[in-house]
Amino acid sequence: MKKSDVVQIILGEKIKNPPSSQAVQAFAPTNIALCKYWGKRNRELNLPVTSSLSISLGNRGATVTLQVNQRQQDIITLNGAAVHEGSIFYQRAKEFLDLFRQGHYFDLHSTSNIPIAAGLASSACGFAAIVLALDKLFAWELSSPQLSILARLGSGSASRSIYQGFVKWHAGIEPNGMDSYAETLPHDLPGLMIGLCIVNDKEKMLSSREAMQRTVETSLLYRVWPEKMAEDLILMTQAIANQDFSLLGVTAESNALAMHATMQSAWPPIVYSLPETLAMMHEVWQLRAGGVEVYFTQDAGPNLKLLFLEKDVNVLQERFPNMEIIAQ
Ligand code: PMV
């Protein structure tokens, strides 16, 4: 099954809707996984091995403006600068638009207000915002699960960026992935804060896509990852339903460390952490030992995201002066 088959199932006759001649705009928040998506069971459709759970970052994300152009070529800009045709970014966006274009070409302007190089999934909010913009441009009026499935075809974690708040992406079991979409969880955790700590802003050494695949193929520890995820998803769901910040923090930190353990046991090994990353982990553990409840999570990069409560903002801002804080 190809991506275009999934688009056909979802859009049916709507694929022929004429686009509006007006520019449309859509925003999607970026998200941070608390229980990580790590490993695909189908690489073409970005179908995951396990379900995953994230939190969206409110008004931090991508805004996409989309309009049909008459030039037989997509024009893409990112934060106001033209994106070169030869770049990976351009290619990924173009291939995604190919699924929907029906002979049309687009002006696509994407702006993001997430700190550059914070190791935040910019592709997640980017693809989700493109799908939301396409839905407006072609007046598809799709449901949220349908939008989530289309966003997943761009990037797995984009399936979660269709929603705000706590979000669960169901792995699903169907080969065509029609049951693999995200849904919002009807709870919040008052006072939850997220701190973005940049320890290194250099380009990633290995994309999450490649790292995931290598881990699935070569890591012995990956064999127990689905078990770990099954346990953590139960704990995280409980933590959210009971507004239990301690359980949320312990589960998120343990889940991130376990994901990185699967990578370290891949071959060639994948180690995203830098000495500064480890130093910061030790600072977090020290703070915790001293009674400040703070936890970290880490994605496919060296930077950490801290989880803490509003009451501890001052202590944490003092300890990590460069940290950018996002309130939920
Ligand atoms: O959606 P991708 O292909 O960028 O993969 C995201 C992988 C992690 O960020 C490490 C985990 C996650 O669930 O977001």
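**The salt bridges**

Author: Asp-74, Lys-94, Asp-98 and Arg-101 are linked in a network of salt bridges. A salt bridge here is a side-chain nitrogen of Lys or Arg within 4 Å of a carboxyl oxygen of Asp or Glu. In general, side chains of opposite charge can pair when their charged atoms come close.

A word on the source. This is a predicted model, where local features need pLDDT of at least 70 and side-chain atom pairs count only at pLDDT 80 or more, while totals for chains, interfaces and linings use all residues. Residues are numbered from 1 along each chain as its sequence is written, and side-chain values use heavy atoms, with hydrogens and water left out.

Asp-98 and Arg-101 meet through their side chains, N to O, at 2.8 Å. Arg-101 is buried, at 7% relative accessibility. Asp-98 is partly exposed, at 36%. The cut-offs are these: buried is under 20% relative accessible area, exposed is over 50%, and partly exposed lies in between (1.4 Å probe, protein chains only).

The structure holds 12 salt bridges. Another one joins Arg-71 and Asp-107, with the closest N and O atoms 3.9 Å apart. This pair links distant parts of the chain, 36 residues apart. Arg-71 sits in the loop between β4 (52–69) and β5 (75–78), and Asp-107 in strand β7 (residues 105–112). Strands (E, at least two residues) are DSSP runs, numbered from the N terminus. Arg-71 counts as exposed because its relative accessibility is 51%. Asp-107 counts as buried because its value is 15%.

Glu-13 and Lys-16 form a salt bridge too, at 3.3 Å, N to O. Glu-13 is exposed, with 60% relative accessible area. Lys-16 is exposed as well, with 58%.

Now the ligand. One of its oxygen atoms is 2.9 Å from a polar backbone atom of Tyr-37. An oxygen atom of the ligand is 3.1 Å from an N or O atom in the side chain of Ser-155. For Ser-208, the distance from a ligand oxygen to a side-chain N or O atom is 3.3 Å. Each is a polar contact, a pair of N or O atoms within 3.5 Å.

Last, the cysteines. The count comes to 0 disulfides, a disulfide being a pair of cysteine sulfur atoms within 2.5 Å. Cys-125 is in no disulfide; the nearest cysteine sulfur, that of Cys-197, is 19 Å away. Cys-125 is buried, with a relative accessible area of 1%.

Definitions and conventions
A polar contact is a pair of N or O atoms within 3.5 Å; within protein, one must be able to donate a hydrogen and the other to accept it, and residues adjacent in sequence count only if both atoms are side-chain atoms. Helices (H or I, at least four residues) and strands (E, at least two) are DSSP runs, numbered from the N terminus.
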